[in-house]
Amino acid sequence: MNRRPRRNRKSQVIREMVEETRLSTKDFIFPLFLIEGSRQRSEVASMPGIYRNSLDLMLKEIEECLHLGIKAFDIFPAYPDSKKDKFATESYNPDTFYLKAIREVKARFPEAVVMTDVAMDPYSSDGHDGLVENGKILNDETLEILGKMALAQAQAGADILGPSDMMDGRVGHIRQILDRNGFKDVSIMSYTAKYASAFYGPFRDALDSAPKMGDKKTYQMDPANYKEALIEAELDTLEGADFLMVKPALAYLDVIRLLKDHSNLPIAAYNVSGEYAMIKAAGEKGWIDPQRAMLESLLSIKRAGASVILSYFAKEYAEIVKK
Ligand code: PBG
């Protein structure tokens, strides 16, 4: 036999030499859940090891992550029902706790990259990403609100905005508002191909943000669709997105590869809450080796073509490679 592929697998050193994909702590954005107050901390029941923290404890968490080499954070606030309304007004109230927290994080750690989510659901009494009227999600009226939210987040110091709402035209609208207000350097990581997925369940538990009525299928994409992701990618690119994101990651590796092959923009993937929960739960039961399953999943996301990975595993990954 002339060709024996096993020769390139014969030792750890050779295997590492021919490794085609390498993960790094630099690939990650770590999502963090924020609550109001101080010295407040509660674990998300369906996400063992992931906490909602008040700002003081979040600052400690960020400091630890920076030492481990994780330098980008996506901050998601959890609001009580009493602060939610139809128009998600709290999302752009300059005195609200999450905007103050962004300012504080950037003041304490200017080198940290802060990303935010642009969508109405955490602040909406309807639990939808857009404005609801007579059971319908209004697209263009929602853009007005998203624009105010995006501007407030940029004013607070966010480096990257992540429109996760899936309204048509939102990237262009947000870009225009940012530019007109002097925020030309604030980036947009668009949730380009965001599917209507069961894998967001634990996240909605964390923020208590599940829709009060109906589902998100009139704005999030149908899991059956592939080519439609190219339509979204084309629009986001024309509208000025700096990154294109696919979400969830693991059930959509083909879509990550599709966008990677059709775009010159950096591709991000969101390894979502349900994907985290499944590995943790099976690990707790002793049914799989959770650490190896984590590493294999993260590697597969990178191999599929994502250069940026949003993952609740970010810190754990950094701890493992540091050892
Ligand atoms: C809000 C938003 C969601 C996620 C990120 N931003 C939930 C949703 O769209 O219902 C999900 C993240 C995760 O599951 O980890 N629009």
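1. Start at the ligand: a polar side-chain atom of Ser164 sits 2.9 Å from one of the ligand's nitrogen atoms. That is a polar contact, meaning a pair of N or O atoms within 3.5 Å; within protein, one must be able to donate a hydrogen and the other to accept it, and residues adjacent in sequence count only if both atoms are side-chain atoms. Gln220 places a polar side-chain atom 3.0 Å from a ligand oxygen atom, and for Lys247 the distance from a polar side-chain atom to a ligand nitrogen atom is 3.4 Å.

2. Before going on, keep in mind that this is a predicted model, where local features need pLDDT of at least 70, side-chain atom pairs count only at pLDDT 80 or more, and totals for chains, interfaces and linings use all residues. Numbering runs from 1 along each chain as its sequence is written, and side-chain values use heavy atoms, with hydrogens and water left out.

3. Around the ligand there are 19 residues, of which Lys194, Arg204, Lys247, Ser273 and Tyr312 come nearest. A residue counts as near when one of its heavy atoms lies within 4 Å.

4. Pro248 belongs to the loop between strand E10 (243-247) and helix H8 (253-262). Helices (H or I, at least four residues) and strands (E, at least two) are DSSP runs, numbered from the N terminus.

5. Another loop to check is the one between strand E4 (72-77) and helix H3 (97-108), where Ala88 is found. Phi of Ala88 is near 55°, a positive value in a residue other than glycine.

6. Now the helices. H3 and helix H4 (residues 139-156) have axes that come within 8 Å and cross at roughly 35°. Axes here are lines fitted to C-alpha atoms, for helices over the stretch in contact, with angles from 0 to 180 degrees between N-to-C directions. On the H3 side, Tyr98, Leu99, Ile102 and Arg103 make the contact (heavy atoms within 4.5 Å), with Met149, Ala152, Gln153, Gln155 and Ala156 from H4.

7. H2 and H3 also cross at roughly 35°, their axes coming within 11 Å. Leu55, Leu59, Ile62 and Glu63 of H2 meet Ala101, Glu104, Val105 and Arg108 of H3.

8. H2 (residues 55-68) packs against helix H11 (residues 314-322) too, at an angle of about 40° and with the axes 9 Å apart. The two are therefore oblique to each other; angles under 35 degrees count as roughly parallel, over 145 as roughly antiparallel, 65 to 115 as roughly perpendicular and the rest as oblique. Glu61, Glu64, Cys65, His67 and Leu68 in H2 face Lys315, Ala318, Glu319 and Lys322 in H11 across this contact.
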